[in-house]
Amino acid sequence: MMDIWHIGGLLLIAICAIRGYKKGFVNTLGEMLAMVFSGGFVYLLHTWAFDAVFMTLLKDHMVIVVRVILCVVLYIVFFLILKALILSLRIF
């Protein structure tokens, strides 16, 4: 069973390496940093954003669905902003 996971992991690493080689190191590193920092920001801010924005508008049965949607939207927004900022550093 572990052999399948090892093969899958190596295949994933090879695909990412080939993709990174074609796109370039700075682009690949920028996207990876944007993903990591976006995930961290969403982890830190999702509770605050939910309490500040949606708590007064929702009923109890919709809370989980809205939390998931809010996390996805926050992740996409942070990812796009950070990706633009990090990749704009290529100019230097």
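**Exercise 1.** Classify Phe41 by its relative accessibility.

*Solution.* The model is predicted, so local features need pLDDT of at least 70, side-chain atom pairs count only at pLDDT 80 or more, and totals for chains, interfaces and linings use all residues. Residues are numbered from 1 along each chain as its sequence is written, and side-chain values use heavy atoms, with hydrogens and water left out.

Step 1: take the cut-offs, where buried means under 20% relative accessible area, exposed over 50%, and partly exposed in between (1.4 Å probe, protein chains only).
Step 2: the value for Phe41 is 34%, which makes Phe41 partly exposed.

**Exercise 2.** Find the aromatic pairs in the whole structure and state how each is arranged.

*Solution.* Step 1: rings of Phe, Tyr and Trp (its six-membered ring) pair if their centres lie within 6.5 Å; planes under 30 degrees apart count as stacked, over 60 as edge-to-face and the rest as tilted.
Step 1: the search gives two aromatic pairs.
Step 2: Phe41 and Phe78 are 5.3 Å apart centre to centre, with 50° between the planes, and form a tilted pair.
Step 3: Phe41 belongs to helix 2 (residues 25-54) and Phe78 to helix 3 (residues 63-88), so this pair ties together parts that are 37 residues apart in sequence.
Step 4: the ring centres of Tyr75 and Phe79 are 6.1 Å apart and their planes lie at 10°, so this pair is stacked.
Step 5: Tyr75 and Phe79 are four residues apart in helix 3, about one helical turn.
Step 6: Tyr75 is partly exposed at 29%, whereas Phe79 is buried at 17%.

**Exercise 3.** State what share of the 92 residues is buried, and what share of contacts joins residues at least 24 apart.

*Solution.* Step 1: buried residues account for 20% of the 92 residues.
Step 1: a contact means heavy atoms within 4.5 Å.
Step 2: of the contacts between residues at least 6 apart in sequence, 68% join residues at least 24 apart.

Methods: Helices (H or I, at least four residues) and strands (E, at least two) are DSSP runs, numbered from the N terminus.
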